[in-house]
Amino acid sequence: MFKTCLGLLICLAFAKAVTAQTTEEFPKVATLDASFLYGSILEHNPDIAHLITDHPTGILLSYNRKTFGEEEWQSRFGFPDWGFSAAYQDMKTYELGEAYSAYAHYNFHFFNRNFQLRIGQGLAYVTKPFDEIENPRNNAYGSTITSTTYLNAVYRKENIVKGLGFHAGATIIHYSNANVRAPNNSTNTWFFQAGLNYTLNKENIPEFKIWEKRKYSEPIHYNFVARTGFNESDYRGSGQFPFYDFSFYADKRINIKSSLNAGTEVFISEFLKEYRDYQANSFLEEGITGDENFQRVGVFIGHELHLGKTSVLTQFGYYVYWPIPFESRIYNRMGLQRRLTDHVFASLTLKSHGAAAEGVSFGIGYRL
């Protein structure tokens with residue numbers, strides 16, 4: 001229950017951070033969307049083949065707040081929208097049940113704003129998670145609360161008749177608890193979608209403010225980050241344990257949109273002790289003795305995409321110290337970072353090995 005509440009508080013904090021980016025200099029213009037979804041669960045893993053029996057359906061509702069160049073970054077990214085969305089999905093499979101989800105999202109516009117690409121991140125409630133007695137065939141979701149991400153690409157026309165418009169396209173929705181609890185094979189559902197949109201305050205739509213392009217850079221800065229969370233190994237019933245990551249890296253701001261970074265980090269993952277002992281006792285051929293250190297050390301390079309005070313973080317790393325073979329030596333991290341002051345920032349990131357998630361972490365950092 002504590003971890004569920006913590007996740008909700010983190011999402012609410014980032015939602016507040018998004019809304020704080022818009023000033024009162026321009027009129028508030030927003031749209032409301034309603035879409036019907038019809039699609040198929042993708043067999044990204046053969047272990048979930050038995051769960052794909054029919055075509056899922058759903059509903060997606062959205063609130064979108066337009067930007068007009070109140071801040072320089074908005075002009076650089078083609079005046080994106082920010083907003084909140086909620087989805088309902090009937091998996092059309094008894095073992096998977098239904099999913100109710102809530103998101104914070106960004107919309108990016110292309111081709112004279114007729115094509116829209118959206119990315120949303122949030123939390124979902126699934127009605128039938130894995131249960132050893134009641135629902136043993138659901139190896140996709142090990143917990144009632146999961147993280148969820150969706151991508152949305154649509155053709156969009158607004159304000160065709162008295163504020164009413166139309167949109168149609170495709171959506172993919174991902175549900176996963178990021179190894180907080182096993183099993184966690186996750187699902188990805190591909191949808192065709194169509195719906196209507198309505199523009200609020202359509203009489204007061206201002207002109208876009210085009211910021212003059214300029215060169216921008218910053219000197220190299222040094223960062224310290226501490227991250228923590230909970231996870232479980234892939235062996236069901238092995239237990240949930242906390243993990244702690246400590247990173248030191250240098251970053252270089254190369255322009256308004258981007259920073260590059262590189263550094264090193266230490267991983268203290270308690271679940272690896274249980275994993276090590278299980279391997280040593282059950283799979284002698286793997287060569288694990290049970291005496292190995294469960295800490296790991298990695299080096300990484302990365303990129304930070306700046307959207308005002310919020311940024312999207314992408315990093316790729318390699319374990320230079322890897323005493324317990326778990327997944328692969330190559331890992332990646334993706335997530336959101338929010339600058340709280342000139343020196344302090346918070347982050348919410350997912351660390352994984354390819355498509356295999358290891359854990360979601362909340363981090364606090366200091367930038368020198």
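S6 (145-161) supplies the largest share of the lining of the second largest cavity, three residues. Strands S1 (30-41), S2 (57-65) and S5 (115-126) are, with S6, the elements that give two or more residues to this lining; strands are DSSP E runs of at least two residues and helices are H or I runs of at least four, numbered from the N terminus. The residues around the second largest cavity include Asp-33, Ser-35, Arg-118, Asn-152 and His-167.

The model is predicted: local features need pLDDT of at least 70 and side-chain atom pairs count only at pLDDT 80 or more, while totals for chains, interfaces and linings use all residues. Residues are numbered from 1 along each chain as its sequence is written, and side-chain values use heavy atoms, with hydrogens and water left out.

A search of the whole structure gives two cavities of 30 Å³ or more. On a 1 Å grid over the protein atoms alone, a cavity is a set of points where a 1.4 Å probe fits but cannot get out, a pocket is an open set with protein on both sides within 12 Å along at least five of seven lines, and lining residues have an atom within 4 Å of a point. Points are joined across faces, edges and corners, and a volume is the space filled by probe spheres set on them.

| Space | Volume | Lining by class |
|---|---|---|
| Largest cavity | about 60 Å³ | two nonpolar, four polar, five charged |
| Second largest cavity | about 50 Å³ | two nonpolar, six polar, three charged |
| Second largest pocket | about 450 Å³ | six nonpolar, eight polar, twelve charged |

Asp, Glu, Lys and Arg count as charged; Ala, Val, Leu, Ile, Met, Phe, Trp, Tyr, Cys and Pro as nonpolar; the others, Gly among them, as polar.

In the largest cavity, S16 (356-367) gives the most to the lining, with three residues. Among the residues lining the largest cavity are Phe-243, Asp-245, Arg-296 and Glu-358.

The second largest pocket has 26 lining residues, and Glu-218, Arg-253, His-306, Gly-308 and Arg-339 lie nearest its centre. Domain 1 (24-200) and domain 2 (219-367) both contribute to the lining of this pocket, so it lies between them. The domain bounds come from an automatic or database domain assignment.

The C-alpha centres of the two domains lie 26 Å apart. Their contact (heavy atoms within 4.5 Å) takes 15 residues from domain 1 and 18 residues from domain 2. About 1,500 Å² is buried between the domains, 62% of it on carbon and sulfur atoms; buried area is the accessible area (1.4 Å probe) that two parts lose on being put together, summed over both.
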